[in-house]
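Subject: Structure handover

Hello,

Here is the structure you are taking over. Please open it beside this message while you read.

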Amino acid sequence: MPSQDPSHAQALQDQYEIRPDPVALTHNDDDPSQNADTGVDYEPYPEKSIPISATHEKILKAITSLYSGSASKEDMEVYAHDAIYDDPWSYCDTRYKIAGQWYGIPKIMASSKTLATEVVSDTPTQIVYKQKQEYKPRPLYVSKAVNSLVTLTLDGEGKVRYHKDQWNEKDYSHAGLGKVMKELNGDHLTKVTQPPKDL
């Protein structure tokens with residue numbers, strides 16, 4: 001699949017990237033001992049999750065299914081064709097490249113399970129939630145749970161345009177060698193994971 005025009009990807013980032021305030025969204029006032037030294041608590045408490053619409057519930061279900069290895073074209077449809085995925089390891093600027101990440105999970109993970117989520121912010125154009133994901137990589141078969149803060153920015157048609165996954169309180173600078181390595185991963189992983197060409 002052709003790569004995204006860098007200027008178009010930048011315009012997409014400028015329009016849809018949200019920089020959430022992790023401390024304001026996740027600081028645990030009820031039990032401060034659960035906060036990290038940085039003031040965030042990414043442990044999800046499902047009972048505290050704020051209510052969301054059925055439409056947003058469907059989006060959240062598709063995203064957590066992808067995290068859990070569904071590698072499903074139907075789940076991928078929650079993304080617009082021109083969308084960005086941004087985490088500590090990868091920066092993808094098309095739906096096809098994003099699929100390269102999700103279609104890789106069943107190949108490198110013996111299992112991946114969403115253990116819990118907690119929606120901490122919801123508007124017509126964004127969903128922000130805490131997530132606990134348990135990964136069991138091959139060939140070690142040793143489980144590790146990872147807590148993160150996920151921000152989904154939606155367009156007027158309800159499609160995900162920017163998917164940000166933060167593992168700590170720091171946001172991404174989009175500069176330097178780290179950005180280059182993330183883009184290389186996003187650009188080339190599809191050659192290994194081989195998602196469907198028609199995504």
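This is a predicted model: local features need pLDDT of at least 70, side-chain atom pairs count only at pLDDT 80 or more; totals for chains, interfaces and linings use all residues.

The core

The largest nonpolar core holds 29 residues, and those with the most contacts inside it are Met 76, Tyr 79, Trp 102 and Tyr 129. Two or more residues each come from α3 (54–67), β1 (79–86), α5 (95–102), β3 (109–123), β4 (126–137) and β5 (144–154). The element that gives the most is α3, with 6 residues.

Leaving aside residues up to four places away in sequence, Tyr 79 touches Ile 63, Leu 66, Arg 95, Ile 98, Trp 102, Lys 159, Val 160 and His 163.

Aromatic pairs

The model has 2 aromatic pairs. In one of them, the ring centres of Tyr 67 and Trp 102 are 4.6 Å apart and the planes stand at 65°; an angle over 60 degrees counts as edge-to-face, so this pair is edge-to-face. Tyr 67 belongs to helix α3 and Trp 102 to helix α5, so the pair links distant parts of the chain, 35 residues apart. Tyr 67 and Trp 102 are both buried.

The other pair joins Tyr 85 and Trp 102, with centres 5.5 Å apart and planes at 70°, so it is edge-to-face as well. Here the link runs between strand β1, which holds Tyr 85, and helix α5, which holds Trp 102, and the two residues are 17 residues apart. Both Tyr 85 and Trp 102 are buried. Together, Tyr 67, Tyr 85 and Trp 102 make up one aromatic cluster.

One further ring has a charge over it: Lys 48 lies over the face of Tyr 45, 4.9 Å from the ring centre.

Helix α1

Which residues of helix α1 (residues 6–16) are buried? They are Ala 9, Leu 12, Gln 13 and Tyr 16. These residues cover an arc of only 100° around the axis, which means that they lie on the same side of α1. The face turned away from that buried side carries the exposed residues Asp 14 and Gln 15. Among the elements that cover the buried residues of α1 are β1, β2 (91–92), β5 and β6 (160–166).

Strand β5 is mostly covered, with 8 of its 11 residues buried.

- β4 and β5 run antiparallel and are joined by 10 bridges. In this pairing, Tyr 135 stands opposite Lys 144 in β5. The hairpin of β4 and β5 has 6 residues between the strands, and Tyr 141 there takes a positive phi near 55°.
- β5 and β6 are also antiparallel, and they pair over 6 bridges. The bridge partner of Leu 149 is Gln 166 in β6. These two strands form a hairpin with 5 residues between them, and Gly 158 in the turn has a positive phi of about 80°.

Regards

Terms used
Residues are numbered from 1 along each chain as its sequence is written. Side-chain values use heavy atoms; hydrogens and water are left out. A nonpolar core is a set of buried Ala, Val, Leu, Ile, Met, Phe, Trp, Tyr and Cys residues joined through side-chain atoms within 4.5 Å. Buried means under 20% relative accessible area, exposed over 50%, partly exposed in between (1.4 Å probe, protein chains only). Helices (H or I, at least four residues) and strands (E, at least two) are DSSP runs, numbered from the N terminus. Contact means heavy atoms within 4.5 Å. The arc is that of the directions from the helix axis to the C-beta atoms. Rings of Phe, Tyr and Trp (its six-membered ring) pair if their centres lie within 6.5 Å; planes under 30 degrees apart count as stacked, over 60 as edge-to-face and the rest as tilted. A charge sits over a ring if NZ of Lys or CZ of Arg is within 6 Å of the ring centre and within 35 degrees of the ring normal. Two strands pair if DSSP finds at least two bridges between them.
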